[in-house]
Amino acid sequence: MKYVPLVLAGLFRRKTRTVLTLLSVLVAFLLLGLLQAVKVAFDSGADSADAKRLLTTARYSIIEPLPIAHLRQIERVRGVVGVAYADWFGARYQNESNAFPVFAVEPARYLDMYPEFTIAAEQRAAFARTRTGAVAGQRLVDRFGWKIGQKLPIMSEIHPKTDGDMNWEFDLVGILDADDPAVRGNTDVVLINVAYFDEARLTGKGKTGWFIERIADSGRARAISADIDARFANSPDETKTQPEKEFAVGFAKQIGDMGLLVTRILTAVFFTILILTGNTMAQSIRERVPELAVLKTLGFSDGQVTALVLAEAGLLLALGGGLGMTIAVLFLPFLNAATGGRFPPLFVGLDTWLLAGTVAGALALAIGLPPALRARRLRIVDALAGR
Amino acid sequence: MSALVEIRGVTKTYRRGGEKVEVLHGVDLDIPRGDFVALMGPSGSGKTTLLNLIGGLDTPTSGSIAVDGRRIDQLGSGELSRWRAENVGFVFQSYNLLPVLSAQKNVELPLLLTHLSAAERRRHATLALRLVGLEDRARHKPKELSGGQEQRVAIARALVSDPTLLVCDEPTGDLDRATADAILTLLQMLNRDHGKTLVMVTHDPKAAEYARRRLHLDKGTLAPQEDA
């Protein structure tokens with residue numbers, strides 16, 4: 001600690017230059033915090049996927065419905081311990097821009113399949129017994145100011161009721177949430193009871209969009225997937241079964257490879273920072289060669305002088321990186337509010353902090369080591385003589 | 001007086017542009033404890049090289065240097081650093097203060113290498129500044145001080161860890177006569193009243209008059225000694 005004032009004095013020897021460098025580091029880490037949050041949000045489906053869950057859709061297109069009757073056959077496949085199903089409702093609420101996923105499900109089966117979702121026991125029971133019941137994700141409830149017990153008027157773009165009307169009405173009986181912030185984005189849905197939906201819809205009765213299977217052994221996921229698909233081979237309703245994560249990754253990649261994009265942007269940003277701060281550090285140490293020689297004259301060892309220079313680089317990255325990440329953390333709630341829940345929740349998780357720490361450490365070493373080694377090699381008599 | 005510094009057969013050779021240049025040729029010298037020696041000689045005579053060897057800033061090519069009975073020519077880089085921190089105070093012609101630190105913090109620098117607490121470091125630095133008459137300038141940065149004041153701060157820094165030996169390289173080279181005399185009087189006082197052993201390189205005969213002994217180096221060889 002006693003060397004901190006010396007390190008700070010060296011770092012802020014030229015205040016303007018250091019502040020500008022600090023700002024560039026800050027912006028780079030702010031970008032890292034924000035872009036990683038976006039990447040995590042995009043990957044959340046895949047990351048929170050359960051290795052013991054499979055997804056079965058129609059073989060040739062995800063929008064083709066499958067008979068609900070497949071359920072009994074899938075349940076008989078060895079290794080399958082639970083099956084649920086869901087159908088796409090195609091919802092609009094109040095106006096065209098308020099779109100969110102609405103799935104028609106069998107309540108108990110579906111909620112058993114996703115234990116990572118949290119819902120109060122009495123709300124879960126109410127959802128199971130109320131034919132017109134619906135449960136909604138906490139963020140949707142917050143966004144639209146819904147209250148339990150109210151009517152939920154939702155328009156379907158796909159399913160007319162038997163009277164041809166596209167406007168449906170459900171009773172909000174529960175609220176879905178998740179303890180893990182990475183999973184919370186997956187609760188941005190409304191689940192409706194399929195019992196009422198299937199009876200009241202004009203078309204597609206007895207059909208559903210996809211099945212979700214829980215398996216006992218994730219190591220047998222491929223074999224079980226093949227067994228399920230084999231049961232419906234050469235039938236009018238052939239299936240394609242795959243692990244949930246594989247499905248989520250494929251689905252996300254339809255939008256774009258966000259991970260690759262973020263990695264490329266951040267690589268470019270940090271390469272620029274490496275050059276910029278590396279040059280600044282080298283210049284700063286060049287200017288201070290006589291001062292470093294004085295420190296050595298006074299008895300500072302080669303190792304201590306090396307450590308002082310490295311500490312300057314470390315402090316620069318720690319200050320800039322810490323501030324940048326902190327601003328990202330403070331800014332994300334505003335961004336979440338601004339998107340009005342249309343996007344999965346953005347947050348800076350432990351993984352992102354660890355990544356930032358690793359990047360900062362690596363950068364500090366990369367920019368600090370060359371001048372630190374130069375300082376270490378410094379011969380006092382030459383440096384004092386200006387050679 | 002017992003010999004604090006014992007130099008025997010010291011040579012120093014530099015390599016300049018692929019050519020070996022011997023700057024010191026078999027120098028023998030004893031500097032008794034409590035002595036004040038002025039090393040004089042023309043440019044290139046090797047006086048700064050000899051001073052650097054005595055202060056442990058450089059190592060001889062051959063020969064031996066013992067300070068207070070310890071062979072410093074045999075110390076490794078780390079040991080030599082520690083030895084300098086504990087035994088030698090340095091005063092340079094261009095003061096060599098750290099411009100970003102206050103006078104107080106500059107004086108405290110050598111104490112960072114000790115186990116003293118922050119409060120003790122501050123107290124020692126204040127005492128050293130008081131000794132050189134600059135206690136009231138403790139918070140000033142070097143650029144806010146005159147040349148003479150800067151050199152006083154440098155002397156306080158050299159003194160603060162209570163070294164056995166003070167090594168001064170042209171300490172008045174950048175100062176006017178009156179200021180130089182004040183600095184030399186201060187050095188003389190440190191030698192006379194505080195028993196510090198001083199070795200001072202100077203080309204100024206008037207400065208050398210403040211020393212107890214004057215030694216002349218010429219082309220790397222010591223001329224016969226004369227007493228003040």
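Begin by selecting Tyr210(B), which sits in the loop between α7 (205-208) and β9 (213-218) of chain B. Helices (H or I, at least four residues) and strands (E, at least two) are DSSP runs, numbered from the N terminus. The model is predicted, so local features need pLDDT of at least 70 and side-chain atom pairs count only at pLDDT 80 or more, while totals for chains, interfaces and linings use all residues. Residues are numbered from 1 along each chain as its sequence is written, with chains lettered from A and ligands numbered from 1 in the order in which they are written.

Is Tyr210(B) buried or exposed? Tyr210(B) is buried, because 23 other C-beta atoms lie within 10 Å. The cut-offs are 20 or more other C-beta atoms within 10 Å for buried, 12 or fewer for exposed, and partly exposed in between, with C-beta atoms placed from the backbone. Contact requires C-beta atoms, placed from the backbone, within 7 Å. From Tyr210(B) to Leu187(B), the C-alpha to C-alpha distance is 8.5 Å, across 23 residues of sequence.

**Strand β9(B) and its partners**

Move on to β9(B), which is joined by 4 bridges to strand β3 (residues 36-40) of chain B, the two running parallel. Strands pair if DSSP finds at least two bridges between them. Within this pairing, His216(B) of β9(B) lies opposite Met40(B). Strand β10 (residues 221-222) of chain B runs antiparallel to β9(B), with 2 bridges between them; here Thr221(B) in β10(B) is the bridge partner of Asp218(B). Select Lys219(B) in the hairpin of these strands, where 2 residues lie between β9(B) and β10(B): Lys219(B) has a positive phi near 50°.

**The open sheet of chain B**

Now display the open sheet of 4 strands in chain B, ordered β2-β1-β4-β5 with antiparallel pairing. Its edge strands, β2 (19-32) and β5 (70-71) of chain B, each pair on one side only.

Zoom out to the whole of chain B, which has 7 helices and 11 strands. Of its 228 residues, 51% count as buried. Among contacts in chain B with a separation of 6 or more, 69% come from residues 24 or more positions apart.

**Where the chains meet**

Select both sides of the interface: 20 residues of chain B contact 17 residues of chain A. On the chain B side, helix α2 (residues 77-87) supplies the largest share, 6 residues. That side divides into 11 nonpolar, 5 polar and 4 charged residues. Here Ala, Val, Leu, Ile, Met, Phe, Trp, Tyr, Cys and Pro count as nonpolar, Asp, Glu, Lys and Arg as charged, and the others, Gly among them, as polar.

**A helix pair in chain A**

Finish with helices α11 (residues 258-287) and α14 (residues 350-377) of chain A, which pack at an angle of about 30° with their axes 9 Å apart. Residues in this contact include Phe270(A) and Ile273(A) of α11(A), and Val359(A) and Leu363(A) of α14(A). By class, the contact of α11(A) with α14(A) has 13 nonpolar, 3 polar and 1 charged residues. Axes are lines fitted to C-alpha atoms, for helices over the stretch in contact, and angles run from 0 to 180 degrees between N-to-C directions.

Definitions and conventions: Two residues are in contact if their C-beta atoms, placed from the backbone, lie within 7 Å.
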